[in-house]
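I opened this entry to keep a record of what I looked up, in the order in which I looked. The notes follow the structure shown here.

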Amino acid sequence: DVLNSGEYNDIEYDDGNFHVFSVSQNGRYGLMRFVFIINEIESNVSQISVTWNGKGINAKSVKADGASLYIWNYTNTDYELLQASEDTEAEITLSGELTSNIPAYIGGAGNNIVTLLVATNDQRTGNQDCELFTDYIKLNISVSSGGSGIYP
C-alpha cells in the first residue's frame, strides 16, 4: 500500500513519530518497501547512501527483535543486505553506502528508481505481535560532478 500524507509525515523526519506496520499472519515478516524516484542521470551517480531509523519488535519471546535494511539490485534481481541490527527492541539506525557498480541499483523504466526494503529480523509466530516501526528514511545520491540530492 502507498502511504497517505499523514503516514508519510511520520517517516519524513527523525522525530520519534513512527509509522507502524503490524504483521497479521503467522510465518510472515514485517516488511516496508520504499521506492525513490531520483532526478539524476544514472551514469552520473557516484554514490548511494541510505539511512533508516526505527525498530522491529516481535512479541514472541523466543523470536528475534530488530530489523534489516536491503537495497534492490536490478541486475541480479534480488535484494542485497546493507545492514542488520542485533536482537533488540530499542530504536536503531541502519545505514549503507554504495560506491561501486552503482547502475545495478538504479532501474525501472526510466532508469531513475532506487528501491529499499526494511524487514523485521524474525517472523510472526503463535499469534504474537510482530511490528515494524519506521521513524525516518533517507536516500542520498551523490553525482560525479560533485552535486548531490537527498530524497526523504
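I began with the aromatic rings, and I noted that Trp 72, Tyr 74 and Tyr 79 form one aromatic cluster. The model is a predicted one, in which local features need pLDDT of at least 70 and side-chain atom pairs count only at pLDDT 80 or more, while totals for chains, interfaces and linings use all residues. Residues are numbered from 1 along each chain as its sequence is written, and side-chain values use heavy atoms, with hydrogens and water left out.

I then searched the whole structure for aromatic pairs and found three; rings of Phe, Tyr and Trp (its six-membered ring) pair if their centres lie within 6.5 Å, and planes under 30 degrees apart count as stacked, over 60 as edge-to-face and the rest as tilted. One of them is Phe 18 with Phe 133, an edge-to-face pair at 5.9 Å centre to centre, with 85 degrees between the planes. Phe 18 lies in the loop between helix H1 (5–12) and strand S1 (19–22) and Phe 133 in strand S8 (residues 130–143), so this pair ties together parts that are 115 residues apart in sequence. Here helices (H or I, at least four residues) and strands (E, at least two) are DSSP runs, numbered from the N terminus.

Phe 133 counts as buried, because its relative accessibility is 14%, where buried means under 20% relative accessible area, exposed over 50%, and partly exposed in between (1.4 Å probe, protein chains only). For Trp 72 and Tyr 79 I noted ring centres 4.8 Å apart and planes at 70 degrees, so this pair is edge-to-face too. Trp 72 is partly exposed at 22%, and Tyr 79 is partly exposed at 29%.

Next I looked up Lys 55, whose charged end sits over the ring of Phe 18, 5.1 Å from its centre. Lys 55 also lies over the face of Phe 133, at 5.2 Å from the ring centre; the rule is that NZ of Lys or CZ of Arg is within 6 Å of the ring centre and within 35 degrees of the ring normal.

How many of the 14 residues of strand S3 (residues 45–58) are buried? I noted eleven, so S3 is largely enclosed by the rest of the structure. S3 pairs with S8 in the antiparallel sense over 13 bridges, where two strands pair if DSSP finds at least two bridges between them, and Gln 47 has Ser 142 in S8 as its bridge partner. S3 also pairs antiparallel with strand S6 (residues 92–98) over seven bridges, and there Ile 48 stands opposite Leu 98.
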